[in-house]
Structures are given as structure tokens and as C-alpha cells.
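Me: I have a protein model to read and would like to go feature by feature. Can you walk me through it?

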Amino acid sequence: MKNCLYCCLLIALCLCEPAYGQLSGFMPSTMNVAGIAAARTDRWSAFHNPASLVQQAAWQVAVQYENRYLTAELSTEMIQAAYCNDYVNVGVAYSFFGYGKYSEMMAGITLARRFADRFSLGLQADLIAVYCGDNVGYKLTGIPQIGATVDITANLTLGIETFNPFIQSLPVNEQQIKLPAIYTIATDYRFYKGLRWDAEVSYNTLENFRVATGFEWQAIEQLCIKLGAYYQQYIIGNLGVGLTFKDLSIDINAHWHPVLGVQLATKVGYSWQ
């Protein structure tokens, strides 16, 4: 009975909230407002634009947990770590989604570098594994991610990225689980001290366009407030807060889906020289 319920939830998730591809939740969300990450260089969001790995801190680690619609089986756990230096920045990340009978795992390694203080380029190699029960076992495939950011002005950054540009698939028995190519362009505009406006458009070759926008306000040094929304078949609102205590950061985000309910995510990170 529980397995049937989980299957129904996965089907509803695929129908009502298009994911990146026909897998249910292998792509961890970013903690930036409205899930916008392609143009942000102030923080690294693993499995999003690899060119965002250009922070000043030499070392950084973070763990993230997100839950969909108050159902434990629809949760994603992620861990990331990175080392930044004057030559090439290196990051590694791993995420897990699923339960005993079905799970999706994703591991990646990122290389990124900033050039002339205005342009950054990043490459990421991802390994995706899907477990479909004892009869099928694990199925694996590898895909690349490519991204870049450029500072148009001192206050405006443009970011572009692509996920799975060669449109690879995941073989399961005699079928192929299609993985889409995703193309994203975004802007990050810091038009007032402590206030930024982000906007992003992405095209998924298997799903609809995703359009997102939102504001982040650094109310005080320790507190950031996030308010945004995105459209992907439905209009989904986003409210979040970010807390910073010197080298420690804590982010909490909530998304409201009009059909499926609330999606909650939290991320704890630590960075040091």
C-alpha cells in the first residue's frame, strides 16, 4: 500500500511540477530567490551554473535538505565542498533523492576560473545513477554542464549555462529515460546597496519554458530576505531568509505550489581561508 502511495506521489510530481527531465527530483534546488542561480557569483549552487564557483573564501562546505509537500519520501539531500585559489577552483557535490524501492543519485565535479575580474567560465562533469529495485538495479550515465558569467557593468551580471547539451539518455532495460538539454540565461542586478533583482529564463527540451524573478534584500549584515516567483506550468511563489554569522551561513526557503502544496529547503554552509 505504501509503495502504491509513493508511486502515485511520483506520478503527480511529474505531471504537476515538471522536473529537469523525466526523473523525479535528481536536480537539487538553489537557495537563491526563485531558484535563480545562473548569474550569481556571490555563492556556489552545486549542479547549477558551474561558473558561479568563484568566491573569495579558499574552502567552503555545505549541506542541504529539501522536502516536497511534507512527504519524507520526496526529499533530496545534498552535500558540496569546494576549494578556490588563483589558478582553478575545484568543487565536488553529491545529492540523493528517493526511498528504498526507488532512488536517484547525482555526483559532480566542477572546475571554474575567473578571468580579468569580469568573466568566469565553468565546466562540470555529472554522474547520474537511478536505482529501480532489485530486479533492475542501478543504471548510470554521465553528462556535462557548461556555464559562463560576465560583468556587464559594476552592478549587472549576465549568466548563461547549459545542462546536458548533447541530450543523453539513461538506459533502463529496453527503454530510455530521456534527459533534456536545458539552456538558461539570467541577470543579477544590484541596483541599490543591499538590494538585488534577479531574473532568469530557461528552456527545457522536454518541458515548458521556466521564467523566474525575485528580489533579495540584505536588511542587516546578518539577515537577508528573499521574495520571488516563477512560472513553469503553474505560478509558484517563493519566500526565504538567509542568516550569516561571520563564516557560517544558514538559508531557509519555502515554495508554494498551487496544486501540490509546500516545498521546504534549508542549507547550512561554512567557509574559511
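Me: Is Leu 70 buried or exposed?

Reply: Start with the labels. Buried means under 20% relative accessible area, exposed over 50%, and partly exposed in between, with a 1.4 Å probe and protein chains only. Leu 70 has 68% relative accessibility, so Leu 70 counts as exposed. Leu 70 sits in the loop between β1 and β2. Strands (E, at least two residues) and helices (H or I, at least four) are DSSP runs, numbered from the N terminus.

Two ground rules before we go on. This is a predicted model: local features need pLDDT of at least 70, side-chain atom pairs count only at pLDDT 80 or more, and totals for chains, interfaces and linings use all residues. Residues are numbered from 1 along each chain as its sequence is written, and side-chain values use heavy atoms, with hydrogens and water left out.

Me: What is the phi of Leu 70?

Reply: The general idea: most residues other than glycine have a negative phi. Phi of Leu 70 is near 60°, a positive value in a residue other than glycine. Phe 47 has a positive phi too, near 75°. Phe 47 lies in the loop between α1 and β1. At 1% relative accessibility, Phe 47 counts as buried.

Me: Which residues touch the most other members of the largest nonpolar core?

Reply: In soluble globular proteins, nonpolar side chains tend to be buried together. A nonpolar core is a set of buried Ala, Val, Leu, Ile, Met, Phe, Trp, Tyr and Cys residues joined through side-chain atoms within 4.5 Å. Here the largest core has 22 residues, and Trp 44, Ala 46, Phe 47, Leu 53, Ile 128 and Phe 163 touch the most other members. At least two residues of this core come from each of β2 (75–83), β4 (103–115), β5 (119–131) and β8 (169–172). A second, separate core has 9 residues, including Val 33 and Tyr 230.

Me: What is the volume of the largest pocket?

Reply: Picture a 1 Å grid over the protein atoms alone. A pocket is an open set of points with protein on both sides within 12 Å along at least five of seven lines; lining residues have an atom within 4 Å of a point. The largest pocket has a volume of about 1000 Å³. It has 43 lining residues, and the closest to its centre are Asp 42, Arg 43, Gln 55, Thr 244 and Ser 249. Strand β16 (residues 261–272) gives the most to this lining, with 5 residues.

Me: Which residues line the second largest pocket?

Reply: Among them are Gln 55, Gln 56, Cys 84 and Arg 113. This pocket holds about 280 Å³ of space. Gln 56 has 71% relative accessibility, so Gln 56 counts as exposed.

Me: How many aromatic pairs are there?

Reply: Rings of Phe, Tyr and Trp (its six-membered ring) pair if their centres lie within 6.5 Å; planes under 30 degrees apart count as stacked, over 60 as edge-to-face and the rest as tilted. The count comes to 9 aromatic pairs. The ring centres of Tyr 131 and Tyr 138 are 4.9 Å apart and their planes are at 45°, so this pair is tilted. Phe 191 and Phe 215 form an edge-to-face pair, with 6.4 Å centre to centre and 85° between the planes. Phe 191 lies in strand β10 (residues 182–192) and Phe 215 in strand β12 (residues 209–220), so the pair ties together parts that are 24 residues apart in sequence.

Note on methods:
1 Å grid on protein atoms, 1.4 Å probe; cavity = no way out; pocket = protein on both sides within 12 Å on 5 of 7 lines; lining within 4 Å. Points joined across faces, edges and corners; volume = space filled by probe spheres on them.
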